[in-house]
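User: Hey, I'm new to this one. Can you walk me through it?
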Amino acid sequence: MCSYDYADLRAMLTIRSFELTVLDLFSKALIRGTTHTCLGQEYVPVAMSNFISDQDFVISNHRGHGHFLSLFNDVEGLLGEIIGREGAVCKGIGGSQHIFHKNFMSTGVQGEGIAVGVGIAWSFMHTSKDHVCFVYIGDGTFGRGAVYESLNLACLMKLPIVIIVENNGIAMTTFQKDNMSGTIEARVKAFGANYILQESHDVGRIRTALEHPVAEVRSGSGPLVVEFITERVAAHSKGDDTRDKAELEAIKKRYWYNVCAKNNPEFLAACEEEIKEKMNRTLFTVMQKNPEVWEDYEKRICP
């Protein structure tokens with residue numbers, strides 16, 4: 001069943017709508033550079049957002065639009081940032097992958113975020129009683145030595161850090177089974193980190209399972225690693241998906257959005273209509289602030 005409450009579903013649909021809008025703008029050559037969407041993984045940051053306060057710090061990665069939107073819901077600012085024009089949350093300097101805003105930063109450099117997060121968590125240990133650093137990484141990041149150096153220091157000093165592993169089973173085009181010996185669980189436990197596996201897509205169940213472990217990190221128990229077994233619905237970047245058609249079809253059938261559309265279409269449609277209208281208004285506002293982009297947009301959608 002589609003068991004999400006209205007607020008959570010709305011947040012997930014906002015992220016989904018944003019990512020689809022970005023991909024559409026790229027297809028029209030209205031955004032330069034590259035981008036990595038989190039389609040299929042929208043529920044992870046929505047679930048985690050309940051645990052993150054304004055005094056905590058969050059470090060995201062190259063696939064971080066959902067991480068940002070789950071905390072700030074600043075669709076206009078992030079869209080302006082990716083377009084690189086007026087209204088950008090980071091003045092257009094960071095683009096899709098390198099954002100710095102309030103208590104949030106993202107980096108496209110694999111393994112960098114967890115190393116910086118350890119430093120921030122170390123400062124929290126010395127300057128505050130219960131602040132936590134939350135770091136998002138992927139399964140592919142476990143091919144970087146910085147991950148193990150960071151885990152070693154974090155566990156050695158019992159730092160207040162929660163490491164969220166979004167394990168979608170594939171690093172760019174290489175499946176995890178082809179490039180990783182052993183498991184993520186065994187690797188992080190070797191350093192003495194607390195570990196939780198999450199295979200559910202149910203935001204409420206995830207929060208219930210993590211409420212006590214995250215609270216323990218705040219009280220000084222040391223690092224927590226939460227591994228989400230998830231799936232990437234879209235390509236690694238914009239159109240470079242090398243997975244076979246049968247596998248992609250199976251993934252799409254399991255996609256929380258399609259499951260919800262099948263089991264509770266009225267509930268989904270009612271919420272989605274509002275989100276689509278808001279996204280269209282936001283897109284119009286951003287484009288109006290950038291006349292040269294708007295002119296190109298009008299030409300491409302109304303040739």
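User: Which residues line the second largest cavity?
Analyst: Keep in mind that this is a predicted model. The second largest cavity is lined by Gly40, His201, Glu231, Val233, Ile251, Arg254, Tyr255 and Trp256.
User: How do those split by class, nonpolar, polar and charged?
Analyst: That lining has four nonpolar residues, two polar ones and two charged ones.
User: And what volume does the second largest cavity have?
Analyst: About 50 Å³ of space lies in there.
User: OK, stepping back. How many cavities of 30 Å³ or more does a search of the whole structure find?
Analyst: Three cavities of 30 Å³ or more turn up. The largest cavity holds about 80 Å³ of space.
User: Which residues lie nearest the centre of the largest cavity?
Analyst: Those are Asn61, Val109, Gly111, Tyr136 and Ile137, out of 15 residues in its lining. Helix H5 (112–127) and strand E4 are the elements that give two or more residues to that lining.
User: What classes do the lining residues of the largest cavity fall into?
Analyst: Ten are polar, four are nonpolar and one is charged.
User: New topic: where is Thr141 found?
Analyst: Thr141 sits in the loop between strand E4 (133–138) and helix H6 (145–156).
User: Is Thr141 buried or exposed?
Analyst: Thr141 counts as buried, because its relative accessibility is 3%, and buried means under 20%.
User: What does Thr141 touch, not counting residues up to four places away in sequence?
Analyst: Leaving those sequence neighbours out, Thr141 touches Gln110, Gly111 and Val147.

Definitions and conventions: Residues are numbered from 1 along each chain as its sequence is written. This is a predicted model: local features need pLDDT of at least 70, side-chain atom pairs count only at pLDDT 80 or more; totals for chains, interfaces and linings use all residues. Side-chain values use heavy atoms; hydrogens and water are left out. Helices (H or I, at least four residues) and strands (E, at least two) are DSSP runs, numbered from the N terminus. Buried means under 20% relative accessible area, exposed over 50%, partly exposed in between (1.4 Å probe, protein chains only). Contact means heavy atoms within 4.5 Å. On a 1 Å grid over the protein atoms alone, a cavity is a set of points where a 1.4 Å probe fits but cannot get out, and a pocket is an open set with protein on both sides within 12 Å along at least five of seven lines; lining residues have an atom within 4 Å of a point. Grid points are joined across faces, edges and corners, and a volume is the space filled by probe spheres set on the points. Ala, Val, Leu, Ile, Met, Phe, Trp, Tyr, Cys and Pro count as nonpolar, Asp, Glu, Lys and Arg as charged, and the others, Gly among them, as polar.
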